[in-house]
Amino acid sequence: MTDWHGRAAALYDGGFRPMFIAGQWVAGRGVAGRAEAVIEARNPATGALLATVPRGTAADIDAAVAAARAAFEGPWAKFTPFERQALLLRIAEKFEQNWETLCLSDTLDMGMPISRTLANSRRVLGMLRFYAGQAVAIHGQTIPNSFPGEILSQTVKEPVGVVGAIIPWNAPIAGSVWKIGPALATGCTVVLKPSEEASLTVLLIAKLMQEAGLPDGVLNIVTGTGAEAGAALAAHPGVDKIVFTGSTATGQAIARAATGNLKRVSLELGGKSPVIVCRDADIDKAVPVAAMAVFANSGQICIAGSRLFVAREIHDEFVRRVGEFAAGLRIGNGIAPETELGPIISARQAERVESFLQAGPAEGAALVTGGARLEGAGFEGGNFIAPTVFGGVTDDMRIAREEIFGPVISALPFDTLEEVVARANATPYGLAAGVFTTHLGTGHKLARRLKAGSVWVNMYHAIDPAVPFGGVKMSGYGREGGLEHLDEYLDTKAVWINTD
Ligand code: NAD
């Protein structure tokens, strides 16, 4: 059996971890021994200090963008698509060899249970291999035109250039590979700013990529805060495109900051996703899936199906059973292989979730299970919140309107399909939706009418490298995964040739 505790102690000892610019591991311009110039990485399950990382500044972003530009115009530009493919495959291999270490790092740094991080391998390794496949399939077209004579018109696909990537803390491995993979496939270079709450695994990813032969400057990691390093990256005139995953409010700030040089932007933002359980649903199968649509990663998932619409005829039974399921989940330090739910990322985020636990009953919702912070043996020093189910929720309550990003389900009864579609769509967000029904026609009908980037019928959470993922409305624009994804990193150039 793996000695996870022993491996954890060997992986992070509280020491300083530099960031990665131009192929060098650097302290950053702001550090120079100043305590306020580093960020502490703490284990959210115990509060223990894992490491410190530089609090990168605008000057560090300048250096990283310059390195990315030099690589883009220099040696990286000479890589053929087949060489980029080979590199991506070597990186996938490297990740596979070091998979347990990567997963352990994530568990320590952001709390996701090790059982869950290990299970994410198919998606992340699959992503890298999917982009490796795509790298050699990028091509333009020869297009007939209306000009008389021998005029040839063609399109050529070219990399957009230097990509600024900004990611949140809730899925550092998949989140960074989803940005770096397509950049390497298309020939772009990257400056990535991880979340100040979870930088360590992203630094580890850069180290593994370097070992796999990534040329200097192709990937640069600047750790730091959103207000400082993130804002500098979003506004930087040397960046050609920003890809962002995070909250809607930050996405709006980034879109505004990007106007300076009209850089391209794609945004994967927040959600308040509906899950609709029809009266003909297979209840036994739907209960655990609907519950984990929220409780996976302790609710810290953008696609959390946090509005649970249940047909009135089965509402009470269904909500009771979701409550029982929630109460039976094993919560604790994610390093224990049996843990199903880990901590909330930070004390600040836990307080935010607690404010919703208070707002629910204050606005008239009925607490079915949970509803409080977990304290005492096994929870010392960590930010743990019991998986919570509220019944009797109405559409106007805060818990039914706002993204909580914590383990909280709001159950709402409905009477007709017409009504539930209108209510499910009555949100500024449009990231995901779920439907449970045994009637094929109902599943198809609802899938078409729900305004969301992904709709799952009789399942939830499926995300695949080959299938596009993203939002509509205030959940953002642009897609990750699928063939559309590469277009986000490519410009189309028209080339005209008079062959007469
Ligand atoms: P956040 O928006 O606070 O931070 C995300 C990243 O943006 C961090 O790296 C942060 O440092 C940076 N940032 C903050 N302010 C910035 C600014 N002014 N300019 C540039 N960068 C800035 O989000 P979070 O709390 O880390 O993550 C939770 C949010 O992310 C939730 O709303 C969740 O729904 C969303 N999310 C969406 C997806 C998706 O794919 N749609 C996936 C995961 C998380």
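A polar contact is a pair of N or O atoms within 3.5 Å. The model used here is predicted.

**Exercise 1. The ligand**

Task: Find how many residues surround the ligand, and which polar atoms lie at what distance from the ligand.

Solution: 
- Step 1. Take S247. A polar atom of its side chain is 2.7 Å from a ligand oxygen.
- Step 2. Take T250. Here a polar side-chain atom is 2.8 Å from an oxygen atom of the ligand.

**Exercise 2. Two domains**

Task: Describe how the protein chain is divided, and how far apart the domain centres are.

Solution: 
- Step 1. Read the bounds. Domain 1 covers 4–269 + 475–494. Domain 2 covers 274–463.
- Step 2. Take the centres over C-alpha atoms. They are separated by 30 Å.

**Exercise 3. The interface**

Task: Work out what the contact between domain 1 and domain 2 consists of.

Solution: 
- Step 1. Count residues. 27 residues of domain 1 touch 30 residues of domain 2.
- Step 2. Find the area. About 2,300 Å² is buried between domain 1 and domain 2. Carbon and sulfur atoms give 58% of that area.
- Step 3. Count polar links. Eight residue pairs are in polar contact between domain 1 and domain 2.
- Step 4. Locate the domain 1 side. The elements giving two or more residues to it are α1 (4–11), α4 (99–110) and α5 (114–119). The most come from α4, with five residues.
- Step 5. Sort that side by class. Domain 1 brings 13 nonpolar, nine polar and five charged residues to its side facing domain 2.

**Exercise 4. Salt bridges**

Task: How many salt bridges does the whole structure hold, and what does the pair of E488 and K241 tie together?

Solution: 
- Step 1. Search the whole structure. The total is 27 salt bridges.
- Step 2. Look across the interface of domain 1 and domain 2. One salt bridge is found there.
- Step 3. Take E197 and R348. They form a salt bridge, with the closest N and O atoms 3.7 Å apart.
- Step 4. Turn to E488 and K241. Their side chains also form a salt bridge, 3.7 Å from N to O.
- Step 5. E488 is in the loop between α17 (482–487) and β19 (490–498), and K241 is in strand β9 (residues 241–245), so the pair ties together parts 247 residues apart in sequence.

Key:
Residues numbered from 1 in each chain as written. Predicted model: local features only at pLDDT ≥ 70, side-chain atom pairs only at ≥ 80, totals over all residues. Heavy atoms only, no water. Domains from an automatic or database assignment. Contact = heavy atoms within 4.5 Å. Buried area = accessible area lost by both parts, 1.4 Å probe. Salt bridge = Lys/Arg side-chain N within 4 Å of Asp/Glu carboxyl O. Polar contact = N/O pair within 3.5 Å; in protein donor to acceptor, adjacent residues only side chain to side chain. Helix = DSSP H or I, 4+ residues; strand = E, 2+ residues; numbered from the N terminus. Nonpolar A, V, L, I, M, F, W, Y, C, P; charged D, E, K, R; others polar. Near = heavy atom within 4 Å.
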